[in-house]
Amino acid sequence: MLLMNLQRLSASSLGGRSLCRRLTTQPNTQHPESLKRQQRQTQTQHESPPYKGQSFEEVVELRKQYLTPNVTSYYKKPLLIHKGSGSQLFDQDKSYLDMFGGIVTVSVGHCHPKVNAALEEQLRTLWHTTNIYMHPKLHQYAEKLVAKMPGDLKNVYFVNSGSEANDLAMMIARLYTGNHDIISFRNAYHGASPYTMGLTAHSTWRYPLPGLNSGILHAMNPDPYTGIWGGKQCRDSPVQTTRSCDCQEGQCKATDMYYDQLEQLFKYSLPRGKVAGMFAESIQGVGGTVQYTKGYIKRAAELVRANGGLFISDEVQSGFGRTGEHYWGFEAHDIVPDIVTMAKGIGNGFPMGAVVTSRKVAEVLCQALHFNTFGGNPLACAVGMAVLDVIDEEELQKNSLDVGTYMLKGLERLRDKHDVIGDVRGKGLMIGVELVADKETRQHLSAPHFVDIWEMCKDMGVLFGRGGLNANVLRIKPPMCVNRTDADYALAVIDYCCDQYMKKQKRGSRR
């Protein structure tokens with residue numbers, strides 16, 4: 001009963017309203033009874049709507065019988081979600097504060113009324129024609145989307161997912177340059193299609209298929225926390241690592257050393273002066289919200305172009321204002337890419353994606369027929385335009401900066417308090433919390449121990465993602481409508497669950 005009550009402390013800006021609860025800038029160290037008293041003062045405005053579908057047991061049985069066995073769910077007892085609103089998700093019994101946004105996909109809030117209305121209006125008029133005919137929404141949306149892009153990034157091709165977008169970007173880079181080899185980072189994730197799986201450098205996401213790495217090389221990841229080099233001056237984030245660092249203001253020695261490794265890759269592993277391109281997430285998502293050392297991406301882009309290649313920014317997770325300071329994550333690296341790929345938050349959960357590039361580069365697609373049946377369909381374009389409007393009208397980029405920075409600083413204090421929190425990183429509402437077994441060695445927290453904390457957070461009504469090669473990073477990437485009250489509750493839950501975990505470990509060590 002306590003856990004069911006605790007979750008009601010979470011708040012959201014559903015329907016333009018927010019739940020009332022006292023804000024605090026300090027980590028919540030209250031015990032459960034204090035949290036219960038705080039809950040009684042909360043004016044709960046959004047109760048879980050009644051669920052009228054199949055029972056949990058029936059759904060589990062159907063899942064086992066009809067879905068492929070690789071389709072797995074979070075948590076020991078999976079959630080059966082049947083409704084979402086703003087930053088809240090509802091299962092059969094209660095609501096949860098969604099701090100993962102459908103894997104960084106719900107950008108403006110679950111079932112946002114303006115986005116819903118745009119979709120409903122369009123589905124009464126026209127669903128589908130494909131691009132063999134013109135329809136107005138495609139052209140209106142294209143104009144609206146590329147207006148957000150810098151430089152000559154003014155041509156767009158619409159697809160249905162991030163994997164499709166990166167597939168197409170790979171092909172365009174190879175066609176345009178006449179070169180074959182493409183570089184991505186170790187720890188990168190760019191999709192799981194047979195083509196993009198080569199770019200993805202996580203053994204956990206790769207099948208043993210022949211030709212998977214054909215023409216793909218993985219550069220050393222310039223990670224200032226777990227990488228060979230890096231420290232407390234090396235990251236563009238409100239929160240730095242606790243590693244020692246000799247870098248001076250405006251100079252990152254770690255970047256010099258990582259860049260030297262990239263140069264070695266060009267010298268020894270590529271045909272001289274011939275590379276098709278390099279992919280980089282502006283902040284690595286699946287890899288655990290990993291940020292690069294300062295200045296590295298800009299130098300890497302220059303090196304790629306000097307060797308005949310294109311630089312491709314993967315904005316599938318970091319785009320549309322999520323990082324706060326900028327609309328696109330690549331802007332923080334002071335570059336204008338040659339190609340930008342996007343998906344996820346572009347449609348607030350509607351399946352869509354896009355590839356944006358210059359007219360000059362896009363013209364290579366005219367060498368043969370190329371077609372995408374559902375890309376740029378009327379429904380997707382109506383949704384996409386509404387999402388852009390909501391981000392601007394509700395100032396969600398600004399909110400990402402405000403709430404994200406607020407939460408990062410609160411998490412920094414929790415890192416200093418709890419031995420199990422090794423690193424806090426990110427920008428805006430793209431945040432990672434790395435849990436460790438040893439702060440000095442940065443040894444990752446093993447899966448059973450991580451799950452103890454993660455499951456406790458869920459039981460207290462807060463949903464976090466899980467990332468990193470060792471699956472030991474809490475991924476905090478909520479809908480961008482979350483507020484400081486939501487952040488306070490999420491911080492209180494992390495604080496309480498880490499405290500309970502450490503107490504359990506101490507009790508175990510005494511036995």
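View 1. S85 stands opposite Q88 in strand 2. This is a predicted model, in which local features need pLDDT of at least 70, side-chain atom pairs count only at pLDDT 80 or more, and totals for chains, interfaces and linings use all residues. Residues are numbered from 1 along each chain as its sequence is written, and side-chain values use heavy atoms, with hydrogens and water left out. Strands (E, at least two residues) and helices (H or I, at least four) are DSSP runs, numbered from the N terminus.

View 2. Domain 1 consists of 34-43 + 56-111 + 396-509, and domain 2 of 113-394; the bounds come from an automatic or database domain assignment. Their centres, taken over C-alpha atoms, are separated by 26 Å. The contact (heavy atoms within 4.5 Å) takes 40 residues from domain 1 and 47 residues from domain 2. About 3,700 Å² is buried between the domains, and carbon and sulfur atoms give 53% of this area. Buried area is the accessible area (1.4 Å probe) that two parts lose on being put together, summed over both.

**View 3. Salt bridge between E325 and K427.** The side chains of E325 and K427 meet in a salt bridge at 2.9 Å, N to O. A salt bridge is a side-chain nitrogen of Lys or Arg within 4 Å of a carboxyl oxygen of Asp or Glu. Between domain 1 and domain 2 the count is 3 salt bridges. On the side of domain 1 that touches domain 2, at least two residues each come from helix 4 (101-104), helix 12 (396-417), strand 11 (421-427), strand 12 (430-438) and strand 16 (473-476). Helix 12 gives the most to this side, with 9 residues.

**View 4. Surroundings of H333.** H333 is found in the loop between strand 8 (310-314) and strand 9 (339-342). Leaving aside residues up to four places away in sequence, H333 touches S282, Y292, I297 and K298. The C-alpha atoms of H333 and H112 are separated by 31 Å, and the two residues are 221 residues apart along the chain.

Notes
Two strands pair if DSSP finds at least two bridges between them.
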